[in-house]
Amino acid sequence: MRRNQVAVVGAAETTELGVIPNMSQIQLHADAALNAIADAGLKLSDIDGIATAVETPQQIAHYLGIKPTWVDGTSVGGCSFMLHVRHAAAAIEAGLCKTVLITHAESGKSMIGKLPRSTPPDSLNGQFESPFGVFGPPSMFPIPVLRYMKTYGITHEQIAMVAVVQREWAAKNPRATMKAPITVEDVLNSKMIAYPFRILQCCLVTDGGGALILTSAGRAKDFPQKPVYILGTGESVETPMVSQMETFNSSRAFTTAGPLAFKEAGIAHKDVDHLMIYDAFAHLPLFGLGDLGFMPHEETGRFIAEGNTRPGGKLPLNTNGGGLSYMHSGMYGMYALQESVRQMRGIAPAQVKDARISVCHGVGGMFAASGTIIFTNEK
Amino acid sequence: MAEPARAKPKPTPETQHFWDGTAAGELRLQRCDACANVYFPPRPFCPSCASRKVSVFKASGKARLYSYVINHRPAAPGFTPPYAIAVVELDEGPRMMSNIIDCPQTPEALELDMKLEVAFEKLDDKITLPQFRPAKG
Ligand SMILES: [Zn+2]
């Protein structure tokens with residue numbers, strides 16, 4: 001894909017985030033979509049492409065009254081929206097559609113109108129993982145971390161610092177769910193969930209949603225908001241079974257998607273002003289920093305523990321507070337994208353001064369899938 | 001009311017040989033006749049070279065502990081926390097999820113790379129799970 005041919009011209013989250021007991025899941029989609037359409041100064045009838053995950057595109061298109069000529073229902077977990085951005089950019093460039101709406105929402109906390117997630121007993125996961133007591137992401141996603149720590153000499157204190165630093169970012173964000181400062185001791189003494197992870201190293205469970213609107217860069221300058229251009233993109237999938245990853249020292253989906261996006265963007269790591277790495281659990285930023293090539297994996301724990309990613313640090317990371325402290329409705333990738341867009345527009349609550357390039361890296365499932373989007377505000 | 005039961009696998013045509021194996025006290029893997037790749041989970045072709053000429057064989061049952069969590073909450077139905085959910089690396093190469101039995105479910109007792117051997121836990125007449133315990137000697 002060519003650089004900077006497509007831009008984000010509308011971006012918004014649901015009006016409320018956190019606990020939203022007065023809205024069903026599809027209404028959360030609609031709330032975010034209407035906010036994004038207003039942000040872009042568009043009418044519903046201007047939208048000719050739609051992408052969403054978990055909920056079907058037909059569900060959301062019909063509910064909103066949209067008549068699309070381009071549809072993407074890619075649903076690979078929490079990074080689905082990174083893949084939607086990539087696919088939408090290619091579709092707009094190819095002339096398949098002009099204005100794409102991407103929506104996410106999940107009634108993750110209130111569970112209103114939420115589709116059931118189940119694992120059939122004759123699926124591969126149902127046969128070769130479920131019988132051993134996996135029960136939800138906290139029992140699965142952290143399984144690789146002890147191996148990763150042993151291989152690279154990462155300490156429990158270093159991984160605890162991920163949560164501490166992200167809480168520092170969240171404290172600057174009025175919409176963050178958790179804002180009170182925490183220490184490494186707080187993290188390591190919090191309630192045990194799945195050793196080695198405690199509750200402060202696991203994502204929040206909230207309600208909310210977000211939506212993006214993309215169009216060609218040529219049209220983008222006529223919109224009310226500062227355009228945020230798509231500079232580079234990457235995607236991949238590995239396996240739906242965490243036990244079958246090629247290695248626990250790295251994620252193959254990350255090492256495929258991330259470098260692909262950097263190559264397409266034509267940038268070096270030193271060019272990155274702002275970074276989002278989907279943090280469903282506290283080890284993910286370490287995997288991301290290593291697998292995206294920012295540094296060897298051995299250095300990732302120390303890099304975060306020494307404060308390089310905190311406010312004022314040289315690589316601002318997860319500046320909304322992340323899935324650990326901002327919000328996590330189940331598929332957090334959309335909120336990472338929203339924060340990258342805010343940073344590129346220059347309107348983030350914890351704005352990184354003069355940021356020009358933002359890398360937004362997502363994960364789906366338990367390292368099952370990955371998508372990376374690199375944004376810029378300069379064309 | 002009966003205790004909630006642990007999730008029970010339901011074999012498919014492609015995996016039946018594996019579950020027949022565990023019921024007979026064997027851990028069965030597949031090897032590609034064309035490229036010698038040993039792989040898991042079961043499928044009637046080689047995921048490395050796409051050959052459909054593959055053979056089922058009895059694995060040694062020897063493994064080492066690759067990684068794990070000790071799950072506290074929420075516990076899966078049929079499990080009493082804390083319990084370890086492990087991934088073991090078989091001597092033949094493939095990895096599989098399992099539990100570590102006959103061993104305290106603690107970080108001190110569960111040492112990465114410790115040697116393990118397969119054990120079989122019968123759930124009913126059709127399904128026996130492959131489990132692993134610390135290797136003797
Ligand atoms: Zn082969």
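1. **Ground rules.** The model is predicted: local features need pLDDT of at least 70, side-chain atom pairs count only at pLDDT 80 or more, and totals for chains, interfaces and linings use all residues. Residues are numbered from 1 along each chain as its sequence is written, chains are lettered from A and ligands numbered from 1 in the order in which they are written, and side-chain values use heavy atoms, without hydrogens and water.

2. **Chain A, overall.** Chain A holds 13 helices and 11 strands. Here helices are DSSP runs of H or I with at least four residues, strands are runs of E with at least two, and both are numbered from the N terminus. Its C-alpha atoms fill a box of roughly 55 × 45 × 35 Å along the principal axes.

3. Of its 379 residues, 65% count as buried. Buried means under 20% relative accessible area, exposed means over 50%, and partly exposed lies in between (1.4 Å probe, protein chains only). Chain A exposes about 12,800 Å², with 54% of it from carbon and sulfur atoms. These areas come from the Shrake-Rupley method with a 1.4 Å probe; for residues, only the protein chains shown count as cover. Among contacts in chain A between residues at least 6 apart in sequence, 73% join residues at least 24 apart. A contact means heavy atoms within 4.5 Å.

4. **Helix α5 of chain A.** This helix spans residues 145-152, and six of its eight residues are buried. They are V145(A), L146(A), R147(A), Y148(A), M149(A) and Y152(A). Their packing partners include α6 and α10 (284-291) of chain A, and also β4 (62-71) of chain B. G153(A) follows the helix, with a positive phi near 70°.

5. **The cavity.** Where is empty space left? Rolling a probe the size of a water molecule over the atoms shows this. On a 1 Å grid over the protein atoms alone, a 1.4 Å probe fits in a cavity but cannot get out; a pocket is an open set with protein on both sides within 12 Å along at least five of seven lines, and lining residues have an atom within 4 Å of a point. The search finds one cavity of 30 Å³ or more. Helix α6 (residues 156-170) of chain A gives the most to the lining of the largest cavity, with three residues.

6. Of its 21 lining residues, the closest to the centre are Q244(A), M245(A), E246(A), F40(B) and R43(B).

7. **Chain B.** One helix and eight strands make up its secondary structure. The radius of gyration is 16 Å, close to the 14 Å that the globule rule gives for 137 residues, so chain B is as compact as a globular protein of that length. Buried residues make up 45% of the chain.

8. **D91(B).** This residue sits in the loop between β5 (83-90) and β6 (95-98) of chain B. D91(B) counts as exposed because its relative accessibility is 54%. K62(B) is 29 residues away in sequence, yet 5.6 Å away in space, C-alpha to C-alpha. Beyond neighbours within four places in sequence, D91(B) contacts S60(B), K62(B) and A63(B).

Terms used. Points joined across faces, edges and corners; volume = space filled by probe spheres on them. Rg over C-alpha atoms; globule rule 2.2 N^0.38 Å.
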